[in-house]
Amino acid sequence: MELYAEVAGEGPEIVLLHEGICDSRMWDPQWEAFTRSHRVMRLDFRGYGRSPLEPGRFASARDVIELLDRHGFERAALVGVSLGGRVALEVALAAPERVTALVLVGSGLPGHDWSEEMKATWEEEEAALRSGNMDEAVDISLRTWVAGPRRKPEDVDADVRSRVAEMQRRAYELQVPVEDEEELLVDDVAQRLGEIKVPTLVLVGEEDVPDIHAIADRLAHEIPGARRATIANTAHVPSMERPEEFERLVLGFLDEVG
């Protein structure tokens with residue numbers, strides 16, 4: 001199956017991995033800045049943006065490694081947000097020779113013991129989708145991830161909310177009709193964090209949900225030499241809400257360790 005990917009720029013290699021409420025369009029604010037000094041690839045995971053979701057088992061991390069091969073990326077820094085962070089961790093463990101650095105933003109982590117609050121939110125979202133109320137499901141997602149637990153939706157720039165809503169709706173449209181058969185390429189990520197040897201930056205939005213902060217704390221503690229930074233006044237989409245600060249932190253880190 002042909003996954004959507006876009007490549008531009010010249011220089012050290014970066015791969016941008018989007019989060020589960022967005023697709024590769026979330027990187028629009030960074031595209032010009034990153035490709036000015038790096039060779040960059042952004043992609044849509046299966047069931048997001050311009051990549052279809054077809055029946056059958058798959059692993060997103062395996063897809064990423066295949067795209068590295070297809071587009072001639074030998075050794076790249078992986079910048080992954082949420083779902084993309086989880087995939088970046090898998091790639092770093094499955095193919096460490098292909099990864100030069102990790103930037104993990106509001107990252108997921110397989111096996112995390114999610115709070116009852118998050119479980120209830122996901123059940124509410126699933127119930128809305130089962131009833132065919134996609135608008136309600138999008139609204140739940142935006143309240144949870146874009147605003148965060150301490151802000152109101154209107155506290156977030158309306159354009160950011162609109163862009164995330166469009167990407168989230170597209171993901172629902174692709175995913176709802178097809179049973180999700182994604183599997184992990186590395187099923188013991190949480191037990192192997194100490195094996196990661198590349199420079200790692202752990203970023204988290206100050207307004208993100210407590211579970212994401214807990215995961216960030218664990219990643220920063222268990223990945224050898226990892227650094228942790230917090231971006232104020234943003235929740236789960238810091239690259240969209242605070243693009244200039246995000247670019248400064250990420251490019252500064254990659255230039256320093258590269």
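**A walk through the fold**

For a chain of 258 residues, a compact globule would have a radius of gyration near 18 Å; the protein chain has 17 Å, so the two agree. The model described here is a predicted one. Along the principal axes, the C-alpha atoms of the protein chain fill a box of roughly 45 × 40 × 35 Å. The protein chain contains 9 helices and 7 strands.

Strands of a sheet pair through backbone hydrogen bonds, and the pairing is either parallel or antiparallel. Here 7 strands form an open sheet with mixed pairing, and their order is β1-β3-β2-β4-β5-β6-β7. At the edges stand β1 (5-8) and β7 (227-231), each of which pairs on one side only. If direction is ignored, neighbouring strands of this sheet are turned against each other by 15° on average.

Strand β4 (residues 76-81) runs parallel to strand β5 (residues 99-105), and 6 bridges join the pair. Within this pair, Ala76 stands opposite Val99 in β5. Helix α9 packs on the sheet, where it touches β2, β4, β5, β6 (200-205) and β7; the direction of α9 makes about 155° with that of β5. Another helix, α2 (residues 60-70), lies across β1, β2 (13-17) and β3 (39-43) and runs at about 140° to β3.

Next come the contacts between helices. Two packed helices are described by the angle between their axes and the distance between the axes. Helix α1 (residues 28-35) packs against helix α9 (residues 243-257) at an angle of about 40°, and their axes are 10 Å apart. That angle makes α1 oblique to α9. The crossing of α1 past α9 is right-handed. On the α1 side the contact consists of Pro29, Gln30, Ala33 and Phe34, which meet Pro243, Phe246, Glu247, Val250 and Leu251 in α9. By class, the residues of this contact of α1 with α9 are 7 nonpolar, 1 polar and 1 charged.

Between α2 and helix α3 (residues 83-94) the angle is about 65°, and the axes are 9 Å apart. Because of this angle, α2 counts as roughly perpendicular to α3. Their crossing is right-handed. Ser60, Ala61, Val64 and Ile65 in α2 meet Arg86, Val87, Glu90, Val91 and Ala94 in α3. The contact of α2 with α3 divides into 6 nonpolar, 1 polar and 2 charged residues.

The last pair to consider is α4 and α5. The axes of helix α4 (residues 116-130) and helix α5 (residues 134-147) come within 7 Å and cross at roughly 160°. This makes α4 roughly antiparallel to α5, and the crossing of α4 and α5 is left-handed. From α4, the residues in contact are Met118, Thr121, Trp122, Glu124, Glu125, Ala128 and Leu129; they meet Met134, Glu136, Ala137, Ile140, Ser141, Arg143, Thr144 and Trp145 in α5. Sorted by class, the contact of α4 with α5 has 8 nonpolar, 3 polar and 4 charged residues.

Notes:
Residues numbered from 1 in each chain as written. Predicted model: local features only at pLDDT ≥ 70, side-chain atom pairs only at ≥ 80, totals over all residues. Heavy atoms only, no water. Axes fitted to C-alpha atoms, helices over the stretch in contact; angles between N-to-C directions. Helix = DSSP H or I, 4+ residues; strand = E, 2+ residues; numbered from the N terminus. Parallel < 35°, antiparallel > 145°, perpendicular 65-115°, else oblique. Left-handed = near helix turned anticlockwise from the far one by under 90°. Contact = heavy atoms within 4.5 Å. Nonpolar A, V, L, I, M, F, W, Y, C, P; charged D, E, K, R; others polar. Pairing = 2+ DSSP bridges. Rg over C-alpha atoms; globule rule 2.2 N^0.38 Å.
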